[in-house]
Structures are given as structure tokens and as C-alpha cells.
Amino acid sequence: MASSGKTKELHLVMFPFFAFGHISPFVQLSNKLSSYPGIKISFLAASTSVGRIETMLNSTASTTVIPLTLPHVDGLPEGVENTSDTSPETVELLKVALDLMRPQIKTLLTNLKPNFMFFDFAQWWLPEIACDLGIKTIFFTVFTTISNAFVTSWFGHDTPPTIDELKKPPSLHPITLKTFQARDFMYIFMSFHGTPSVFDRLIKCFNGCNALLIKSCREMEGPYIDYVSNQVKKPILLIGPVVPDPHSGELTETWDSWLSQFPANSVIYCSFGSETFLTDDQIKELSLGLELTGLPFLLVLNFPANVDGSTELKRALPEGFVDRVKGKGVVHSGWVQQRHILEHESVGCYVCHAGFSSVVEGLVNDCQLVMIPLKGDQFFNSKLIALEWKAGVEVNRRDEDGFFGKDDVFEAVKSVMKDSGKEPAKSIRENQKKWKEFLQDDEIHNKYVADFVEGLKAL
Ligand SMILES: O=c1ccn([C@@H]2O[C@H](COP(=O)(O)OP(=O)(O)O[C@H]3O[C@H](CO)[C@@H](O)[C@H](O)[C@H]3O)[C@@H](O)[C@H]2O)c(=O)[nH]1
């Protein structure tokens with residue numbers, strides 16, 4: 001092991017799945033830990049993502065990004081090494097490539113000899129090779145504990161749960177899922193290209209790791225942490241809320257001057273993160289709903305990598321919409337400086353997909369959250385925020401297919417943005433403030449990190 005010598009250095013290897021929604025939390029974890037004395041980090045990444053990851057990591061001498069070579073997989077175009085470069089048809093092939101990397105990772109670990117390997121949900125084979133090499137493994141789940149509680153509800157089932165069972169997960173009682181949400185979850189039990197399903201990967205990760213690391217804390221998700229702990233029967237380490245470090249740089253002049261024309265807290269920022277795409281119907285209803293509110297808005301809509309964003313926008317937006325909202329609403333496709341935008345004083349409402357980093361960024365910037373969760377963990381994040389923390393609202397959807405209409409969007413925005421002195425807006429704002437304070441409390445963060453490092457050393 002590398003920790004010999006007087007410094008008692010801990011060498012950690014980070015290995016997220018090839019998706020920025022996964023890479024970002026691993027980067028945030030690395031940034032929290034790299035400033036801790038005696039910690040050295042090696043960050044494994046597909047070679048085409050290295051440059052971007054290096055810009056996200058705090059530049060300390062103790063963190064190194066190590067490029068990986070993805071093997072050739074029939075059907076996966078050369079150079080496609082991240083979910084952001086794939087199409088829905090090829091996305092599962094990234095897991096095929098990942099599974100073929102076992103020998104490469106084994107050689108790398110043999111040379112690096114780290115103390116701990118932090119790995120992601122897809123690398124089900126990792127604990128086995130690490131164990132052979134005497135390296136301890138930490139399964140770092142990038143999802144909220146409520147999402148993990150849902151998944152672990154089905155531990156011990158011989159057959160996949162039915163839609164009706166999925167709608168009433170024992171771990172979430174009394175919270176239930178709608179039919180369209182339960183149907184979406186059938187995905188995790190499906191196998192593609194002969195590789196293990198997400199559920200089978202998760203079981204192997206939970207069972208094989210030495211400990212589970214969750215980016216949450218008792219204050220945020222106490223009962224779910226207890227539930228997961230009971231289900232997985234492994235030590236659980238908590239790193240606390242992973243709130244991104246203060247960002248650097250300024251908001252570009254174009255967006256700054258556009259937003260600055262409007263009164264404080266009046267603009268709706270609407271976006272769906274890095275890998276969530278809306279259907280044509282959803283785009284239509286959402287844009288008409290934003291128009292109905294009468295508030296200024298910045299709507300960001302993205303599309304899979306294999307289609308042209310501006311062509312898709314022209315096709316999907318309602319006829320005449322862009323002209324009608326000119327001066328008050330703007331639609332954009334592509335990456336934006338989300339944290340700078342949410343921080344802008346004119347922005348007061350964030351309509352989003354409930355990706356967890358995004359909701360945290362909304363809460364700490366005093367934006368009222370209106371959530372339209374579209375897949376997977378987003379459904380649970382939204383329930384946590386809207387039903388347990390009561391710090392935001394979810395747009396009403398039809399049970400069977402998840403349809404929402406323009407009026408549903410309008411009503412949800414209205415409920416948090418109009419009459420802020422009346423219920424429910426009043427208590428939602430109070431709760432948002434309470435969570436903002438908690439999420440920004442450095443003392444709590446530092447204590448969690450210190451306890452986590454001690455917990456790691458004790459393993
Ligand atoms: O144009 C953009 C889009 C995103 N971001 C940033 O990207 C991050 C997105 O984070 P989040 O909303 O948590 O994740 P996504 O990458 O959108 O979502 C994926 O990953 C999350 C887990 O990390 C899951 O909760 C989601 O379901 C999954 O879609 C945030 O820091 C945003 O500020 C930008 O800066 N600009």
C-alpha cells in the first residue's frame with residue numbers, strides 16, 4: 001500500500017462513469033478532499049474528457065487526471081467516450097466499453113497501488129479486482145439517499161418488481177410513484193447488449209464494496225440513510241451536502257445585460273441540466289406555460305448530440321412563439337453559465353428537472369424551485385424537496401403518461417412567485433431560506449469532511 005512513510009499519505013483513485021452528471025460529483029468530492037492534508041488523488045477519465053475535467057478540478061499538485069483508452073465496440077463511433085456525445089441508440093454501448101476495460105483498470109491499479117478506490121454504479125466488477133490487489137473500495141453513489149432507498153427496496157426480490165409494486169416502494173411510505181414514473185424505472189431492470197442491468201450492477205456494487213459513500217447527511221435525509229444502511233449492511237460514510245465551491249469568472253456581458261433589464265427576482269430561469277431532454281409536446285406546453293405567467297424568462301432547451309439544436313427548436317416551439325415573447329422571453333440551446341445565472345439578482349424562479357446539483361444551486365441562490373422531474377433519481381429528488389423539505393413545488397402531471405399542460409406549468413410558477421406573503425409561497429420561501437443557510441454552513445461541511453476522512457482511515 002502507498003501509505004507507508006512518515007506523511008501517512010492516503011492515495012485515493014476516483015473512477016466515475018463516463019457521464020458529466022456522474023463526473024461532476026466525483027470532481028466536487030475530489031475538490032473537497034484534495035485540500036485536506038496528506039490526501040493524494042488520481043482521477044480516471046476517458047481521454048476526451050480529460051481537458052474539461054482538469055478545468056473543473058481545483059488546481060492542486062495533489063490531484064492528477066489519468067486518461068483511459070476506451071476499447072473499440074461495434075456501433076460506438078470512434079471518439080465517443082461520454083454520454084453527452086452519444087445518441088439514445090448508442091448510450092448503452094458505453095457500458096459495454098466500460099466492462100471491457102477490466103484488464104486495463106487492473107494494470108493501472110497494480111501500478112498506482114492506491115489505498116482506496118472510489119467507483120461508480122456501472123463498475124460492478126471493480127470490487128473483485130481491487131480486493132485481489134488489497135485495495136479497499138468505496139462505492140460513491142452520486143444519487144440522493146432517497147433514490148438509493150428506492151433501489152434497495154427491491155433487494156432480495158427474485159424477480160423484477162411489477163409496475164404496481166414499483167408505485168408503492170416500502171422504503172418511501174407514504175410517498176408513492178405515478179404510473180409513468182414507475183414505468184420509467186423498469187429501465188433499471190433491463191439488460192442491454194447482454195450486459196448486466198443497472199439493478200444487477202448496483203447490487204454487485206453494494207455487496208462488493210467495503211463501504212458506501214453518500215453525498216448527503218442526517219439533517220437532509222436521516223430516515224433514508226437508516227433505511228439504506230439496514231438494507232446494504234455495509235459501513236456508510238457521509239460526506240455531507242456537496243455544494244459546489246464558489247465559481248470563478250463573470251457572467252457574459254450578453255446574458256448579464258439581458259437579465260439586468262428586469263426587476264429583482266422576477267425572471268424565470270428554466271433548464272434541464274446536462275443530459276435531460278424534453279419531448280416536442282413537453283417543449284410546447286412548457287413554453288406556453290412560461291408565456292402564460294407573464295414573467296420574463298430564459299428557457300434553455302437541449303437535444304441529444306446527434307441532432308441539430310436550432311433545427312429542433314424551430315420545429316418544436318409553438319408557431320409564432322419566439323416573436324410573441326420577444327423582449328420578455330428568450331430561448332437558448334447549448335451550455336450556459338448556470339450558477340452565474342441563478343446568482344443574478346433578477347432571477348427569482350428556477351424551473352428545472354430536479355437534478356440534485358441544480359436544485360441545490362437554485363436553493364442557495366434564493367430561487368423558487370418549480371420542478372418537472374423527467375427521469376430516474378429526479379423523481380425522488382423532487383419528492384424530497386417538495387414533500388419533505390417543502391422548499392419547492394412540482395408541476396402536476398397526468399398519472400398514466402406524465403403529460404403536463406401549459407396551465408400546470410402556470411399554476412406551479414404562480415404558487416411560488418405570486419403572493420409571496422400567502423401560503424404556500426410563504427412557507428416555501430421560509431424553508432428555502434432555512435436550507436440555504438444549512439447548505440452554506442461551512443462549519444457543518446468541514447465537520448462532515450473531517451469525520452469522513454477519519455471514517456475512511458478507520459476502515
Ligand atoms: O448549461 C448548463 C447545464 C448544466 N450546468 C451545470 O451542470 C450541473 C448539472 O447538475 P445536475 O442538475 O445535478 O445534473 P445533470 O447532469 O443535469 O443530471 C444528471 O446527473 C444527476 C446526478 O449528478 C442526476 O440527478 C440527474 O438525474 C442526471 O440527469 C450543475 O452544476 C449545473 O450548474 C451548467 O453549468 N450549464
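Keep in mind that the model is predicted.

Let's start with strand 8, which covers residues 267-271. Five of its five residues are buried, so the strand is largely enclosed by the rest of the structure. Look at how its side chains are arranged: Val 267, Tyr 269 and Ser 271 point one way, while Ile 268 and Cys 270 point the other way.

Who are the neighbours of strand 8? One is strand 11, which pairs with strand 8 in the parallel sense over five bridges. You can find the pairing at Ile 268, which stands opposite Cys 349 in strand 11. Another neighbour is strand 9 (residues 297-300), which runs parallel to strand 8 and is joined to it by three bridges. Here Cys 270 has Leu 299 as its bridge partner. Together with helix 12 (residues 280-293), strands 8 and 9 make a right-handed β-α-β unit.

Now move along to strand 11 (residues 347-352), which is joined to strand 12 by four bridges, with the two running parallel. Tyr 350 stands opposite Leu 369 in strand 12. To get from strand 11 to strand 12, the chain passes through helix 16 (residues 356-364), and this β-α-β crossover is right-handed.

Strand 12, helix 17 (residues 377-388) and strand 13 form a right-handed β-α-β unit.

Helix 16 gives the largest share of the shell around it, four residues, and helix 1 (20-34), helix 15 (338-343) and helix 17 each supply at least two. Of the 20 residues around the ligand, the ones that come nearest are Gly 21, Ser 274, Ser 358, Glu 361 and Asp 377. What kinds of residues make up the shell? They divide into four nonpolar, 11 polar and five charged.

Zoom in on a few contacts. An N or O atom in the side chain of Ser 274 is 2.4 Å from an oxygen atom of the ligand. For Val 336, a backbone N or O atom lies 2.7 Å from a ligand nitrogen atom. The side chain of Gln 378 has an N or O atom 3.1 Å from an oxygen atom of the ligand. Taken alone, the ligand exposes 690 Å², and the protein buries 92% of that.

Definitions and conventions
Residues numbered from 1 in each chain as written. Predicted model: local features only at pLDDT ≥ 70, side-chain atom pairs only at ≥ 80, totals over all residues. Heavy atoms only, no water. Pairing = 2+ DSSP bridges. Right-handed = clockwise from strand over helix to strand, strands pointing away. Near = heavy atom within 4 Å. Polar contact = N/O pair within 3.5 Å; in protein donor to acceptor, adjacent residues only side chain to side chain. Areas by Shrake-Rupley, 256 points an atom, 1.4 Å probe, with all protein chains shown as cover. Nonpolar A, V, L, I, M, F, W, Y, C, P; charged D, E, K, R; others polar. Buried < 20%, exposed > 50% of the residue type's maximum accessible area, 1.4 Å probe, protein only.
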